[in-house]
Amino acid sequence: LPTGQAPFGNTVAMTEPGKRDLGRPDDASAPPRRRRAHTTSRDLERYAGLFAKRTQVMRSSAMRDLMAITARPEVISLAGGLPDTSTFPAESFAAQMTRIAHESSAEALQYGPTEGFEETKDCIVEVMGAEGMAPDPDDLIVTTGGQQAIDLITKTLVDPGDPVVCEAPTYPGAVPTFSSYEADVHQVRTDLDGMRIDELEELLAQLARDGRRPKFIYSVPSFQNPAGVTLSLERRRRLVELAREHEVLVVEDNPYGLLRYDGDPQPTLYSLDGGDYVLYLGTLSKILSPGIRIGWVAAPPPVLEKIGLGKQAADLCTSTLSQYFVREYFGEGRWREYIADLVRIYRDRRDAMLEALERHFPEQAEWTRPEGGLFLWATLPDYIDTTDLLAKALRDNVAFVPGRAAYVDGRGASSMRLNFSASDDEELREGIRRIGKVVSEQIGLYETITSEHRITPPPDEGDDPGGEVVPLPKR
Amino acid sequence: MKVAVLKGGRSLEREVSLRSAARVEDALGEAGHEAIGIDVGRDLVGRLREQHSDVVFIALHGPGGEDGTVQELLEILDLPYTGPGVAACALCMDKVAAKHEMRGADIPTPDWAAFNATAFRELGAADTLEEIEARLGFPLVIKPASQGSSLGVEFAATREEVPEALLAAFSYDDRVLLERYVKGRELAVSVLSGDPLPIVEAIPREEDFFNFEARYEIGRTDYVCPAELAEDETRRVQELATRTYEALGCTGFARVDLMLGGDGPQMLEVNAIPGLTDTSLFPMAAEAAGIDFTELVERILASARERPASEATLPA
């Protein structure tokens with residue numbers, strides 16, 4: 001288990017290292033838990049020499065230290081990516097698990113097929129059907145969360161140095177996966193309509209001139225993590241066309257598609273393409289539970305076969321117990337209602353966050369207005385580095401994800417990802433108020449420093465005090 | 001002995017502190033002591049009162065634990081603790097006060113200027129930046145006055161980079177200092193109960209020298225201990241570091257960081273409670289002197305300040 005660390009991806013800090021001690025003295029019969037003592041600096045040098053090159057691609061230590069504090073209870077964290085599992089009725093969970101224990105104890109505790117149970121796939125077909133897709137169950141493989149799907153696809157397709165294209169910003173949790181397979185990651189800018197397909201075309205043409213072709217284009221087209229933007233229909237069509245023209249695979253990661261709060265649903269890339277060039281990743285994490293770790297891939301049979309071999313090597317099969325739970329849950333037939341509940345709750349929270357931003361963020365800031373999902377993306381004047389800003393915000397007990405985490409190349413330094421699904425309205429408002437305050441302080445300070453530092457004549461009274469800063473349009 | 005190990009807290013160096021403490025607790029156990037880890041929070045005083053520890057090992061880093069605050073509490077509770085006392089901690093944590101103290105004691109430290117945010121907001125301090133830049137030259141080091149680690153430490157290569165660097169440093173503290181950059185070798189002298197240990201040299205492996213983050217990651221910086229220096233140079237550096245330790249009133253242990261440039265050694269700062277993790281410099285220096293970690297912890301423990309019962313002592 002990861003200890004004491006809440007990565008900016010989608011996981012929670014499990015145990016703070018300091019808390020492990022609690023209860024230890026009470027259990028006299030258990031042997032004392034021991035950490036290995038006395039690692040010497042020479043040992044470390046020795047291990048350092050053994051590490052694979054790919055392990056070097058790690059997050060900056062500054063961000064790691066800062067993120068460690070976001071897990072403190074007094075901190076309002078808008079940094080996580082967690083759905084609100086407290087909304088799931090505990091009684092039904094108890095009944096479902098009890099039924100499994102009574103009726104299929106031995107099977108539920110056993111290994112399962114690598115590709116997943118047929119019954120799980122039936123549930124997945126239902127979920128995909130809700131977004132207008134009708135996959136052949138044989139084109140599906142059940143994975144240990146959507147994250148494993150990203151890992152398996154990259155493992156299957158990418159040799160060191162192979163180009164991979166993703167959005168800028170991209171899902172922060174995908175960055176370490178791409179890096180660990182030593183992909184050459186190219187990021188294409190996004191705007192309010194999602195990935196800039198014109199820039200993608202240019203990139204593909206430029207790579208083609210160098211005799212290269214990306215192994216795949218990774219996209220979260222709906223309510224993107226982290227930017228909260230959705231790829232327009234026109235761009236969806238064009239993306240699918242481009243994939244065919246260039247014979248490049250598209251990896252469509254769609255964890256939030258069913259969490260739409262307003263606007264019309266968009267067809268998935270998978271349904272537009274028919275599943276030839278688009279690999280589809282789904283997950284139950286955001287519409288049921290991330291704790292059960294159930295995701296899936298839909299892919300053409302030859303690709304699926306390789307992914308299956310990769311999965312076998314990784315973990316043999318996805319948790320049988322979790323799959324039994326999924327079967328029970330979907331069997332009750334209320335899964336759509338639960339999603340409707342979530343949509344109501346998250347819509348209110350999104351609105352609360354947007355209202356608070358309007359009220360508390362200075363005019364130099366801009367942010368996206370997602371029609372669904374869990375996140376929005378705020379951008380500050382470029383002289384503010386949000387990693388440093390997080391340190392200041394933490395003094396006021398509030399946290400967000402610094403934008404740099406969503407880029408492979410150091411861009412994104414003045415942006416931040418804000419999550420609205422995991423806090424209630426009151427926390428959201430207070431959290432945004434606190435962030436707005438530290439942002440305003442920094443802007444004011446910068447203006448003071450630059451206006452005098454440049455030795456320009458002081459502005460007349462009543463002049464726009466923000467004269468040194470080009471105001472960014474508000475969205 | 002029953003030893004309370006203070007760790008964690010909510011400083012930005014929480015993670016490092018937890019790692020230091022984990023190692024210290026193990027070593028204490030190894031040496032036959034009873035170690036009780038306390039993640040510092042609102043219940044700290046209550047827990048200390050309940051536990052009746054013989055001594056408190058402070059493994060906290062950064063503001064709160066390293067700046068005299070916790071030490072003050074322990075004085076009031078009349079509990080002996082490791083490391084420097086209240087006044088020394090407060091001096092070391094405040095880089096500006098420490099530099100003034102060094103100047104007063106004729107200890108070389110790079111030229112600097114320091115401001116708080118109010119000076120910029122209300123007193124037109126930005127108006128003096130030009131003079132400061134002319135006096136200190138470029139590149140310029142800009143850092144928060146009170147952080148213990150490299151957080152918020154920025155280099156400005158040109159005038160244009162100064163405002164952003166200031167803003168970044170102000171994110172970590174309300175006071176920042178601008179310091180003349182000393183080109184040279186980066187050295188750290190660990191001082192244990194007034195005696196210098198072998199010098200550690202940090203040699204960044206990457207071409208990007210101005211990347212402070214790299215310095216704390218395995219594989220991105222090479223550490224050499226003892227540093228390859230002529231004997232008389234080693235002595236000179238150690239002697240200066242020890243004088244610095246004394247000038248700031250340190251006791252127990254502390255680590256002095258400095259640059260060895262063309263003009264000889266220039267002291268940068270003193271860490272009142274240096275890191276004790278697997279990758280920390282203090283244990284590395286001790287090891288080079290033949291002191292293993294358990295013995296190091298024992299020695300630090302032995303140096304815990306026995307303080308006289310003060311008037312402020314409260315009933316336990």
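Predicted model: local features only at pLDDT ≥ 70, side-chain atom pairs only at ≥ 80, totals over all residues.
Visitor: How is chain A built up, in terms of helices and strands?
Guide: Chain A has 14 helices and 14 strands. It holds 475 residues, and 54% of them count as buried. Among its contacts between residues at least 6 apart in sequence, 74% join residues at least 24 apart.

Visitor: Let's look at helix pairs. Why are α3(A) and α11(A) called oblique?
Guide: Helix α3 (residues 90-108) and helix α11 (residues 320-331) of chain A pack at about 125 degrees, with their axes 10 Å apart. Roughly perpendicular covers 65 to 115 degrees and roughly antiparallel begins over 145, so this pair is oblique. Their crossing is right-handed.

Visitor: Which residues of α3(A) and α11(A) meet?
Guide: On the α3(A) side they include A:Phe93, A:Met97, A:Ile100 and A:Ala108. Among their partners in α11(A) are A:Leu321, A:Tyr324, A:Phe325 and A:Tyr329.

Visitor: What makes α4(A) and α11(A) oblique to each other?
Guide: The axes of α4(A), residues 118-129, and α11(A) cross at roughly 50 degrees and come within 9 Å. Roughly parallel needs an angle under 35 degrees and roughly perpendicular starts at 65, so α4(A) and α11(A) are oblique. This crossing is left-handed. A:Glu119, A:Thr120, A:Cys123, A:Glu126 and A:Val127 of α4(A) meet A:Gln323, A:Val326, A:Arg327 and A:Phe330 of α11(A).

Visitor: At what angle do α5(A) and α10(A) pack?
Guide: Helix α5 (residues 145-157) and helix α10 (residues 301-315) of chain A pack at about 115 degrees, and their axes are 9 Å apart. α5(A) passes α10(A) in a right-handed crossing. The residues in contact include A:Leu152 and A:Ile153 of α5(A), with A:Ile307, A:Gly310 and A:Ala314 among those of α10(A).

Visitor: How do you know whether A:Ser423 is buried or exposed?
Guide: The relative accessible area of A:Ser423 is 4%. The limit for buried is under 20%, so A:Ser423 is buried. It sits in the loop between β14 (415-419) and α14 (425-453) of chain A. Leaving aside residues up to four places away in sequence, A:Ser423 touches A:Ser77, A:Leu78, A:Arg349 and A:Leu428.

Visitor: Turning to chain B, why are the buried residues of α11(B) said to be on the same side?
Guide: In α11(B), residues 293-302, the buried residues are B:Phe293, B:Thr294, B:Leu296, B:Val297, B:Ile300 and B:Leu301. They cover an arc of only 160 degrees around the axis, which puts them on the same side of the helix. These residues pack against elements of chain B including β1 (2-7), α1 (14-30) and β12 (253-261).

Visitor: What makes B:Asp292 a cap for α11(B)?
Guide: A side-chain oxygen of B:Asp292 lies 3.2 Å from the backbone nitrogen of B:Thr294. The limit for a polar contact is 3.5 Å, so this pair falls within it. B:Asp292 caps the N-terminal end of α11(B).

Visitor: What puts the buried residues of α2(B) on the same side?
Guide: B:Leu44, B:Leu48 and B:Gln51 are buried in α2(B), residues 44-51. Their arc around the axis is only 70 degrees, so they are on the same side of α2(B). They pack against β1, β2 (34-39), β3 and α3 (69-76) of chain B.

How values were computed. Residues numbered from 1 in each chain as written. Chains lettered and ligands numbered in written order. Heavy atoms only, no water. Buried < 20%, exposed > 50% of the residue type's maximum accessible area, 1.4 Å probe, protein only. Helix = DSSP H or I, 4+ residues; strand = E, 2+ residues; numbered from the N terminus. Arc of directions from axis to C-beta. Contact = heavy atoms within 4.5 Å. Polar contact = N/O pair within 3.5 Å; in protein donor to acceptor, adjacent residues only side chain to side chain. Axes fitted to C-alpha atoms, helices over the stretch in contact; angles between N-to-C directions. Left-handed = near helix turned anticlockwise from the far one by under 90°.
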